[in-house]
Amino acid sequence: MPIRVCLAGATGWAGSELARGIAATEDLTLVAGVSRTYAGRSLGEVLGEPRLACAVYPSVREALANRCDVFVEYTTPESARGNILAALERGAHVVVGTSGLADKDFAAIDEVARKVELGVLACGNFALTVVLLQRFAEAAARLIPQWEIIDYAHDDKIDAPSGTARELAARLSKVREPETAVPVESTVGSREARGATLAGTQVHSVRLRGFVISVEIIFGMPDQKLTIRQDSGSSARPYVDGALLAIRRVSTLVGVHRGLDSVLEI
Ligand SMILES: NC(=O)c1ccc[n+]([C@@H]2O[C@H](COP(=O)([O-])OP(=O)(O)OC[C@H]3O[C@@H](n4cnc5c(N)ncnc54)[C@H](OP(=O)(O)O)[C@@H]3O)[C@@H](O)[C@H]2O)c1
């Protein structure tokens with residue numbers, strides 16, 4: 001039996017690429033999509049993908065009238081929490097791609113998920129190369145006490161630092177606090193030149209034409225340095241394989257788990 005998936009945000013930049021990815025698998029099937037703009041139409045017709053036969057619904061509650069095993073959330077941080085709770089209520093495991101949910105949202109979701117014994121897997125960046133960068137950086141931080149993060153993006157990206165840079169800084173704070181020879185607040189000149197302090201790490205955001213999305217972490221020690229960098233292209237393709245893996249593995253979990261590495265053997 002294929003895993004039945006309901007996808008909120010099925011017509012969006014990330015969701016539509018995932019829908020095409022699901023259509024290309026044999027073990028997953030989309031039973032419903034959610035989008036207010038395209039409600040009432042066939043998702044296959046909207047995306048030009050004849051292998052997608054399901055309908056598009058205007059709300060998650062209506063879409064969930066179709067029985068599904070896994071609900072995927074790819075909409076906005078404002079609607080995500082309600083959508084996730086509705087899916088848990090209907091007995092579905094949940095994969096969260098939407099970024100921007102707060103820790104208190106995840107705490108509330110975790111309580112419900114544990115009560116109904118369902119899994120929720122949330123990952124701010126499903127790209128396998130980002131997941132690997134996170135793991136390599138955690139390993140390096142155990143041995144090298146100084147690091148800073150640089151986040152590069154196109155000039156019209158409005159948020160800074162990127163969600164990926166924030167997530168990386170938060171993960172490294174669990175390893176240890178990076179050492180600084182001169183505390184940032186003791187900077188002579190412009191303190192801003194040292195970047196933003198996030199979870200103890202200095203993060204610098206570059207926003208320029210010619211860049212897509214990249215994240216770089218530099219570790220420094222006497223007379224040597226290590227740079228780990230990830231570059232994304234301009235399509236949503238890098239997020240598909242990680243999201244498919246999350247859909248396949250989420251039923252092995254109970255409660256909220258953050259990061260794709262919770263189901264990866266790395
Ligand atoms: N985890 C990852 O690897 C990853 C990768 C890329 C993006 N993201 C995150 O995923 C989220 C979506 O990004 P995106 O670039 O795909 O956005 P997008 O292109 O704007 O797509 C949003 C989708 O959600 C639907 N939607 C929005 N509000 C809704 C509501 N209230 N009810 C029902 N459907 C709603 C939209 O359709 P209608 O407007 O027609 O309703 C659309 O299909 C963002 O939080 C982004 O940061 C995560």
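**Group meeting: ligand shell and salt bridges**

Okay, let's start on helix α6, residues 128–143, which is where leucine 132 sits; helices here are DSSP runs of H or I with at least four residues, strands are E runs of at least two, and both are numbered from the N terminus. Quick housekeeping: this is a predicted model, so local features need pLDDT of at least 70, side-chain atom pairs count only at pLDDT 80 or more, and totals for chains, interfaces and linings use all residues. Residues are numbered from 1 along each chain as its sequence is written, and side-chain values use heavy atoms, with hydrogens and water left out.

Back to leucine 132: it counts as partly exposed because its relative accessibility is 33%. Buried means under 20% relative accessible area, exposed means over 50%, and partly exposed is in between, with a 1.4 Å probe and protein chains only.

Aspartate 261 pairs with arginine 135, with 3.3 Å between the closest N and O atoms. Arginine 135 is in helix α6 and aspartate 261 is in the segment after β12, so this pair ties together parts 126 residues apart in sequence. Aspartate 261 counts as buried at 14% relative accessibility, while arginine 135 is partly exposed at 27%.

Then there's arginine 171 with glutamate 138, at 3.1 Å, N to O. Through shared partners, Arg135, Glu138, Arg171 and Asp261 end up in one salt-bridge network.

The structure holds 20 salt bridges. One more for you: aspartate 103 meets arginine 258 at 3.4 Å, N to O. Aspartate 103 is in helix α5 (residues 103–115) and arginine 258 in strand β12 (residues 255–258), so parts 155 residues apart in sequence get tied together. Aspartate 103 is exposed at 57% relative accessibility; arginine 258 is partly exposed at 45%.

Last, the ligand. How many residues surround it? There are 21, and the closest are Thr11, Arg36, Thr37, Ser99 and Phe126; the cut-off is a heavy atom within 4 Å. As for side chains, serine 99 puts a polar atom 2.6 Å from a ligand oxygen, and threonine 11 has one at 2.8 Å from a ligand oxygen.

Conventions: Polar contact = N/O pair within 3.5 Å; in protein donor to acceptor, adjacent residues only side chain to side chain. Salt bridge = Lys/Arg side-chain N within 4 Å of Asp/Glu carboxyl O.
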